[in-house]
Each structure stands twice: as C-alpha cells, then as structure tokens.
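Please take the model below and follow its strands and helices in turn.

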Amino acid sequence: MVSSAGVWDKARSEATAAPHSGAWLDALPSCALDTQLSNAEIQYGVGRRLGVELCEQAPCPLCLGVMDKWGAHCECCMSGGDKTVTHNKIRDNLYLQARKARTAPQHEAVGIARLLGLEVGRETQERPADVLLCRAQDIRTGGSLGAGKVALDVGIVCPQATCHLSDASQESLGAAEKYVRAKCSRGDMERRCREVVVTFQPMIFESFGGVSVEAERVIKCLNKAVAVNTDISEEVVATQFWHRVGVDLVRANCRAFHRRLLSHGGDVLGAVGPLGGGGGCRLWKACEAGGL
Ligand SMILES: [Zn+2]
C-alpha cells in the first residue's frame, strides 16, 4: 500500500509510523490528568492519521493559501497565531519536565542572546533557547554528554507542508530531521553557541507527534532524571510525558482546523459533526463506515 501511495500519502504514512506518533491514542481519558479529548478532537486526530477527507477545499481565511481536504493546511499555516500557540505549549511541556529533572532550566533565556552578542531588538527574535538547561551534566545531546549549558530550541513541522513533503515521504521523521539541519545552519547558530560553551539543540516535533532523533535522546535523559527524583518508574514518567505532548498537539491542531472552518461560517465546508451539523459531515460518515 505504501509503495503505491503518492508523496502526500507517503508523508502521512511515514509520519504516523514514527515513534510516539499517535501516543495520544493510548492516553486514558482523565480530567485529572487533562487527557480527555472532545469528540471533535478525536475525529480530527483519527481522520488525519487515516488520511480521511475532513472538509471541502477552500481558501484559508487567515492566509493566501488553500485549505486542503485532509486538514493539513492548519498544521502548516503561519497566520493567525496557531503555530505560536502550539510551539509555546510544547515548549512549556519541556520546561516543566526539565524542572522536574532539576536541570535548572530558564524559560526563553535572554541571557543566551547576550552571550552570543546579539543586540536587543530585531536580532534577538532569533533567540536560540526556548528552554536553557543550566545544569545539563546528565543530558546527552548529539553524542556528547555534560557539555556546559544546553539550549533547547523548539520547532513544530507538518510533514505534509510543501517544503517538507519530499523528505517526509522518503523516510520516517524526514521532515523533522531536515528542519534540525535548517535550525543549526540558520544564522550559523550551532557554531555560535558552541563558541560560548552552549550546546545548541533543536527539538523538532512533527505535527503527528514524532520527534527528531537527538530531541528524543534529550527527552529520554530528562525522563530518566525525573524518575530518579520522584521515585516513579522511568517507564511511567516517559509514558505520561508522551501522552501529554500527543494530547496537546492534537488539541492545538484541531483548534487551528476549526478556527479556519468557523471563519467560513461553520458549515460552509461541511465541518465535522459537533460543529458542522448533520448534513455535511464527511468525517462523521467516514468514521461510521470504518467502525471507529
Ligand atoms: Zn492559512
């Protein structure tokens, strides 16, 4: 099936096969843990993984692009602030985990910008540290261990974005790894950080939930430290972390999708059941047919 699929479906297929992609499917719905997803969120998340048509093709109300039928555009669209909200949510998850791991993290550290000699103003928009780990002796990054401070730079990519489609269709996590290389070379950031004894570490998540290889290694170290500090097994700590990330990604992507549908008047595109009403419910019908 994979070999006969076009690049669009291959990219989706590879993304859904990546480790931790779809971790939210294993999360028990719990109000206490904030892992309870709405019907619309589950429909969106399952529909995206299956490649189901979720809406009619139409202009995106927030940018000059086109909303595709499969709901991918909302995961790529840079307008409307949804990408920033998703980015900040994942950044905060990492920060909290780094705190529990006692790595003395700093949130959006501006100090790193000064270390790099960046002027306050436009250039500091390229802050390399969403989370700066100041006590990172036990954190393994890119094959090294214990190299001073570690600057975690978070990015979220959609494997079905036009610029990532080719890489994403060729191998699992192809989009994430390509963006890692782009982050490191942009503004020569990796080298500039190394010169001030800071390890620059991109943490690239795909919108389906997969994560770049080096980022996964860092998270594994954080989870291990959290387990030691809390007397909770590493397996439980890791499971909870990946459930958290997975649930937050599906919620954020679904919110971005419905914001664009609602801007068209709600049912103009044949929105999913809870928001779109009965008649034009494409995903609802697909789920029923597939026994979901
Ligand atoms: Zn758009």
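The model is a predicted one.

The sheet is open and consists of 4 strands in the order S3-S4-S7-S8, with mixed pairing. Because strand S3 (105-107) and S8 stand at the edges, each with a single partner strand, one side of each is left without a neighbour in the sheet. Averaged over the sheet and with direction ignored, neighbouring strands are turned by 25° against each other. Strand S7 (residues 149-157) runs parallel to S8, and 9 bridges join the two; aspartate 153 stands opposite proline 202 in S8.

Two helices can then be placed against these strands. H4 lies across S3, strand S4 (131-133), S7 and S8, and runs at about 145° to S7, while helix H7 (residues 174-185) lies across S7 and S8, running at about 150° to S8.

Helix H9 (residues 213-230) has 18 residues and reaches 26 Å from its first C-alpha to its last, close to the 26 Å expected at 1.5 Å a residue. In an α-helix there are 3.6 residues a turn, so residues three or four places apart point the same way. The buried residues of H9 are Ala215, Val218, Ile219, Cys221, Leu222, Asn223, Ala225 and Val226. What covers them includes helix H4 (82-100) and strand S8 (198-206), together with strand S5 (140-141) and helix H10 (234-263). After H9 comes aspartate 231, whose phi is positive, near 60°.

Notes: Residues numbered from 1 in each chain as written. Predicted model: local features only at pLDDT ≥ 70, side-chain atom pairs only at ≥ 80, totals over all residues. Expected span 1.5 Å × (residues − 1). Buried ≥ 20, exposed ≤ 12 C-beta atoms within 10 Å, placed from the backbone. Contact = placed C-beta atoms within 7 Å. Pairing = 2+ DSSP bridges. Axes fitted to C-alpha atoms, helices over the stretch in contact; angles between N-to-C directions.
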